[in-house]
Each structure stands twice: as C-alpha cells, then as structure tokens.
Amino acid sequence: MEPFLSATACMVGGSAPLLGAQMPQILGACLGTGHLLQSLRAAGSRRFQTSAARPAAPAVQEGIETVTVKVNSRPVTVAKDSSILTACEALGVGPACATPVWDGMEITTDSAKVKESVRGVLALMQANHPADCMTCDMNGRCEFQASRALGWLYGSCFRQNSSLPKEDLTARYNVKDMLPKLKEFSKEWEEDVQGHYQQYHDQSDAAITIDFEKCLKCGRCVSVCGLIQDMNVLGMQGRSRHRHPGVLTEAMDLSKCIECGQCSAICPVGAISERSEWREVLDQLESRRKTMIIMMAPSIRVAVGEELGLAPGAVTTGQIATAQRMLGFEYVFDANFSADLTIMEEGTELLKRLRKKWGLELPAEPAGEGHSHAHEEGPLPMFTSCCPAWINMVEKEYPELIPNLSSCKSPMAMMGAVVKHYMAAKLGKKPEDICLVGVMPCTAKKQEAERQEHRQEGEGQHVDYVITTREFGHMLRAKHIPLGSLEEGVFDDPLGQGSGAAVIFGNTGGVMEAALRTAYELAAGQPLPKLEVNAVRGLKGIKEATITFPDTAPQGVAGRELRVAVASGIGFARQLLDRMDKGEAQYDFVEVMSCPGGCVGGGGQPKTHDPLAVAKRAQAIYSIDERSTVRKSHENPSIQKLYAEFLGAPGSNLSHELLHTTYTDRSHRTFPAYSHHERQVDVADEATKSLPHHATTQKS
C-alpha cells in the first residue's frame, strides 16, 4: 500500500510515479484497506504530544547511521530507515509520504505528474463525498474543505510540515467536478448504503452521531478508540473497496462506548460528531419563553478562542461573559463556582472515608435539620466522579468499582441542581421555567445531563442543554459575534465566583490538587506547605504522589500518609486499574480523566493540528490559578454563603439530596452480543415488575 501512497505525492529516482497509471483503478480498493497501524498511532497521538513532540526538522543523533537523499535536487541527510516524509520535513518541503528512504534516492515533489496524481486522488475523494457542506456542522472547519495537505487523510503517510502555511488543496490543485458523484454514478454503492443504512447513520447514542457516508476511511477514529483510549468500540469492517470504519456492535448505544468523543475530535470531516444542540439553544433564546441561564466549564476559557482563530491557550474569560450576554442569556454563571462546591462535598467525603479506615471517630456536626450521619461512607480507594466518560466506563466495564466512586455529582450537575432550586427560589421562578445551558469541553456531558439521577419529576433535567466548545463557536459565528475584540465582562453573582483551585479542574490532576488543598487543611488544621502539587501535574499518563500529614496535625491524623494517583486517558486508567487489581499499587484517592490531558483535551474541544495545543491550554489554566486572589475552594465566599443560606454544611441531608448521586451496573447491557431485541425484552420485564401486583396478575 505504501508504494502506491508515495506515488501520489512524489516521484522516486526521477521515474514516473509508482503505480501512477493504475491509480484511479486501485484507489477505491486502497482506501478501503485501512492504513498501517503505526501510521495511525502517530496520527492519533500527535494531537496529545507535549514538549517532547517531534521537531519540524529532526536532527540526526550522534552515532546513528545516516543516508543522504536529494529532494527536488537539494541534498539532505537523515537517519537510516527514515521516511521520505522526514527528509521533506527537514527541508520544509511537502507534501510527502512514509515510504522508507535509501542512500542516493532522488525525490521529486513538484513535477506535473505528481501534481496530476494528487489532483486525481482529491477528485476521487470529492466524488465519494456528500455535497451537503452548507448544512454540515463541520462547515468552515472541515479538513476536506480546507486541506492542509494529504496528511489529514493518511495520517503520517502524507503530511506537510506544520510550519508551512495552510492551504486549500482543492483550490490549490484546481480540483473541480472532474468526476461524477459516486452516489449518482454507482447504483451498487447507493444500494449498499441504503441496505445498511443503520450502519452508515447511527444516531442511537445520546452524545455521538455517525454519518459514515461522509467518511474518508482514514481510520483515525479506529486508531484513537483502540490505540489511545483502549476501548475498541470502532473497527475496520468489510474488505477491499468496501472496507470502512464502523461500530463493532449492533449500535453505538449497545456498545461499550463511553462517549468520550475523542473519535469526533480527530475526525477530519463530519463523519463522527457530537450530537448537535446549538440550534435548539438558539431557538430557546429567540423564543424568550424561559429565563435563559448559561454556565461554562473551567477549560472553556482557554479553548473557545482557538475555535475562533486565536492562538491555543488564549484566555478569553471576560470576553466569553460578554459574548454570552450578546447571545441573549439573562444570567451568566461560571462552573468554577460549582467546581469549588464539588471540592467541599468530595473533600468531606474523602476525609470521612479516611477516618473510617484509620479507625477514628467522625467529627461532630451541629445538631438540627440538614445534618445527618445516615449516609454510609464507601470504601477506599475513592475514585473521583467528575468525568462522565469515566463513570460510563465503570458502569459498563468495572461495576465492582461502583462503591469506590465518590457519590458527588460533577460540577455541571451540581450547578444544575443549585440553579433549579436555590437560584430559582431567589428569582421567584419555577424550576421548569428556567432553561440552563452548559458549555462543556466534553461530549459525554450530553449523556450525563440526560441521566435519570439528574432530573426531577415535574421539573425535567437540571441541565437542559449541553453544547461543546465547538458548538459554542458555531453560535458565535452564526450571530457574527467577534469574541477576540469584545470588552471583558463579568459573571453574575452569586454563582459566578470561583477559586484558582476550581479553574485547574480543566487539567489532568487538577481535581486531585484542588481536593488536596482543601482536604489537607481541614484534616491537618494547617495549609499545604505548597499549594502547587507538582507531582500530579503534567501530561504524563499516570502520576503518583504521597502526602504526609505533619506531626502537628490532630491526634490520629499526625504522621499519616495519603497515597494518591492520577490517570490521564482511559488507556492509562486501564493500566492503573490492572496494577491495583494485581496488588502492585495501593492508593487512598484516585483521579481519572478519560481524555488525554484532562478537559483541556476533551472530545468537544477545538480540533487542532498543533501537537502542543493541549499543553498550551493546560499552561494557560495554571497561569489563571496563579493570578487568582482566592486559590482554595473552602475560602470562596460565595460557597460559604451558599452553605450558610441554603445547604447547611458539606455532607448534610440537603447536600446529599441535591449534590450527590447513585450509579447503575450497566455491564450486562453493553456486551457485544447484546441486541435491540434483548434490550426490549429487558425493558418489558422491568415494566412488568414495576406494575402493582393486581395489574401483573390481570395481565397474565
């Protein structure tokens, strides 16, 4: 396959492109055969590379055997067994391919035959793609519309140097309607699509939608799902020219999919995307039937600017507040507030579990309504519960860990409960008369908002709509709101104030660090010696730390050790769980974020070709924390006011009613063998069990 791929990008040894004459005949079959696993691994992981990312022109290390080749008559020395791509990158030349080089090779990338070959590939792809750009959610961001190079199609097989300017190859190579649309030309292809319509169009999932008619068969989704996230929900199906990515079970909602959305974040076109809700939000804003309230997650402030053309990591907190008011929202809140609230509840829960393990009495609570010891504490280690994709994974694959999950809702869900009860009462509104919208970095948040545990009878969902960072960018573009040039606004009180501890929720290790800042101080009676817990920072897949309480801490706590771990990405979470299961590692508190890098690398964040984008967003998050006046959740005055006026105390009865949740074992319903029919039988059985006894007898 690779020799053919090289043919479309370059000529070797001055000869005609390899297999160039047969290119149109074999392209369809070649596109369907998938791509080298190694190339796809690189394509999927480049997005999460950090400072160790490969430079544009890699230097040859001393002692490494080298070869010298010529690229467009210019000599360049590279390591032996390098690819043509490496040689071309060293000179800033593109496009190129992954064919291995040999000493004395002469490579031509600018001949008429090469350009014609590239034009032919692009034309075939264009003929195989739907012409619905104007209504597609990827319009304006689609890599097929504005290709940087053939690299967006073939991963590391074709790629331009990232330092080269972006260009639209369709225009660059003058690709017009050279070939008829395959859908119109091939009845066989159309019959195949219609005959397997559900496989090509899967909208069964609450968070992810699939339209494989748009698929370019690059295989990026299969790579990130299998090699990065270790989920293997998606795989290559079919043979020859019929080979394409697909869901390996009957449907997405029957699969082990955790809705992390990494497949949608890496898809170059609109074949896999988040379930779009931004148009529905605009409908609500324009109807003015309800009080419109919006909140944004911590990581949005360092990402949405990137979606609208600013540099990765650009901080636009104040501009976002202004933009949301321009859209028509009456109240603009910050989920940093509810992140602090999460720490108050989760930190209290962790300390109670630790005291139980250490054989210490629970601290005395004030008597009166709102305080209770009736909530039994779970076992250790305690796992964080902020990431809905992680919760999905536990419920679907590790149900034995459900007791270990923190019972705290996520910051988004907590904000929903507070807005629909505390804030609604302050505004003199019924909960059902408020429409709450969350701007989140995560596609799984859409599924989380629909959970039965996060809705109330007669009131509906606590969070009515969840839109991703990309969808929020859509709204701003649709309303022609220039985010970068707006004046800075402020969030509304009392739910708009957050601490530095809250904002670092956006990074992997952030929930852990925020919790330690509060839990350590509450347990030891003194603050952490250093607020920055560097051991849990960074983009490393698994991070570990041991916190020792000082000798001056209260009796029973002094000298104790708190062992913590952080997993970034589901693939690394699996590794960590395996080590724990084998007894190779023991912890008291574990944070898991399903997306590499945490929320800054979430499945709903802007698509990027910058390998350092996630690291830049993370650094911007830490810079906000460093500049914050309040850097601990328990010192947030708005949080203190909420407990004083409404909740009573962390862990109170009302706190448990509104801010805590339960989980469900869904493992038996998501095996690959589980079918629509079996689910219908299970649902019918449950409905029968829930009927009164006389109704069941009558039915029989």
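Me: What makes the strand order of the open sheet of four strands, and which kind of pairing does the sheet have?

Reply: The order is S12-S19-S18-S17, and the pairing is mixed. Strands here are DSSP runs of E with at least two residues, helices are runs of H or I with at least four, and both are numbered from the N terminus. Two strands count as paired if DSSP finds at least two bridges between them. This is a predicted model, in which local features need pLDDT of at least 70 and side-chain atom pairs count only at pLDDT 80 or more, while totals for chains, interfaces and linings use all residues. Residues are numbered from 1 along each chain as its sequence is written, and side-chain values use heavy atoms, with hydrogens and water left out.

Me: Why is the contact of Arg 617 with Glu 306 called a salt bridge?

Reply: A salt bridge needs a side-chain nitrogen of Lys or Arg within 4 Å of a carboxyl oxygen of Asp or Glu. For Arg 617 and Glu 306 the closest N and O atoms are 2.9 Å apart, and the pair forms a salt bridge. This pair links distant parts of the chain, with Arg 617 in helix H24 (residues 613–627) and Glu 306 in helix H14 (residues 304–307), 311 residues apart. The structure holds 35 salt bridges.

Me: Is Glu 513 buried or exposed?

Reply: Buried means under 20% relative accessible area, exposed over 50%, and partly exposed in between (1.4 Å probe, protein chains only). Glu 513 has 0%, so Glu 513 is buried. Arg 517 is also at 0% and therefore buried. Their side chains meet in a salt bridge at 2.8 Å, N to O. Salt bridges with shared partners join Glu 513, Arg 517, Glu 532, Arg 537, Asp 625 and Arg 631 into one network.

Me: Which residues have the most contacts inside the largest nonpolar core?

Reply: Ile 272, Phe 383, Trp 390 and Phe 549 do, in a core of 98 residues. Such a core is a set of buried Ala, Val, Leu, Ile, Met, Phe, Trp, Tyr and Cys residues joined through side-chain atoms within 4.5 Å. H22 gives the most to this core, with nine residues.
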